[in-house]
Amino acid sequence: DWYIDSCKKIKYMFPKAHAAAYAMSAIRLCWYKIYYPMEFYAAFLTVAPAGFDAEIVGRGYQGVNDAIREIEDKGMDASAKEGELLATLQLVREAMARGIVFLHVDLKKSDAFAFLPEDGKIRMPFNSLPGLGDTAAQKIVEVRDKYEIYSIEDQRQRTGISKAVIEILRRNHVLDGMSETNQFSLFM
């Protein structure tokens, strides 16, 4: 009844079917957001990741709040990129307030591009790290799935990623526990 009544109220030139489709999409989105929040946020961020910064999100709720406040304090002086980041961080803050935990990028578990549900949490992808592009993210996952990687040197040689990307991975603790080179020491 509500749907039919709403269609009758639309008097302007915008096609009623189009308006109804928007309304139905909004209802579907709301339903998933309420009943399947982790899946909703993972899917939403995967298809619309504009402005996502894993380094900020990795700092937790307070880190996200601080970044939001910093951008809001700039007001009209905030750049377009900061505006995108603000909108995304507000969505992330909402997710965190609802109990959603974002897991750090992991060399063995993260996808190149997709935010993956994992044990009731969301695992961030490689391309969510600022400065790590889609090509490098894809190459890391391809090599990881194909070979056993024993060192940072091995990772760099097999993937062809730059030293700058290695530093991004190092800074975000993705390479923790890996040796620097393929050299092994034998003690007698």
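**Aromatic pairs, a surface patch and local backbone features**

F40 counts as buried, at 10% relative accessibility. Here buried means under 20% relative accessible area, exposed means over 50%, and partly exposed lies in between (1.4 Å probe, protein chains only). The model is predicted: local features need pLDDT of at least 70, side-chain atom pairs count only at pLDDT 80 or more, and totals for chains, interfaces and linings use all residues. Residues are numbered from 1 along each chain as its sequence is written, and side-chain values use heavy atoms, with hydrogens and water left out.

Aromatic pairs were assigned by ring geometry. Rings of Phe, Tyr and Trp (its six-membered ring) pair if their centres lie within 6.5 Å; planes under 30 degrees apart count as stacked, over 60 as edge-to-face, and the rest as tilted. This rule gives 8 aromatic pairs. One of them joins W31 and Y36. W31 is partly exposed, at 40% relative accessibility. Y36 is also partly exposed, with a relative accessible area of 39%. The pair of F40 and Y41 is edge-to-face, because the planes stand at 75°, with 5.3 Å between the ring centres. Y41 is buried, at 0% relative accessibility. Ring pairs also link W31, Y32, Y35 and Y36 into a cluster.

A nonpolar patch lies on the surface. Its members are W2, Y3, I4, M24 and I27, and together they have about 500 Å² of accessible area. Patches are made of residues with over 30% relative accessible area and no salt bridge; like charges are joined within 9 Å, and nonpolar side chains (Val, Leu, Ile, Met, Phe, Trp, Tyr) within 5 Å. A salt bridge is a side-chain nitrogen of Lys or Arg within 4 Å of a carboxyl oxygen of Asp or Glu. Accessible areas come from the Shrake-Rupley method with a 1.4 Å probe; for residues, only the protein chains shown count as cover. Helix 1 (2–9) and helix 2 (16–35) are the elements that give two or more residues to the patch. Helices (H or I, at least four residues) and strands (E, at least two) are DSSP runs, numbered from the N terminus. Helix 1 supplies the largest share, 3 residues. M24 sits in helix 2. M24 is partly exposed, at 33% relative accessibility.

T159 belongs to helix 8 (residues 152–159). T159 counts as buried because its relative accessibility is 7%. Its side chain takes part in polar contacts (pairs of N or O atoms within 3.5 Å; within protein, one must be able to donate a hydrogen and the other to accept it, and residues adjacent in sequence count only if both atoms are side-chain atoms). The T159 side chain reaches the backbone oxygen of Q155 at 2.6 Å. A polar atom of the T159 side chain also lies 3.3 Å from the backbone nitrogen of I161. Neighbours within four places in sequence aside, T159 is in contact (heavy atoms within 4.5 Å) with K139, I140 and V143.

Backbone torsions were also examined. Most residues other than glycine have a negative phi. D119 is not a glycine, yet its phi is positive, about 50°. D119 lies in the loop between strand 2 (116–118) and strand 3 (121–123). With a relative accessible area of 74%, D119 is exposed. H173, not a glycine either, has a positive phi of about 60°. H173 is in the segment after helix 9 (163–171). At 55% relative accessibility, H173 is exposed.
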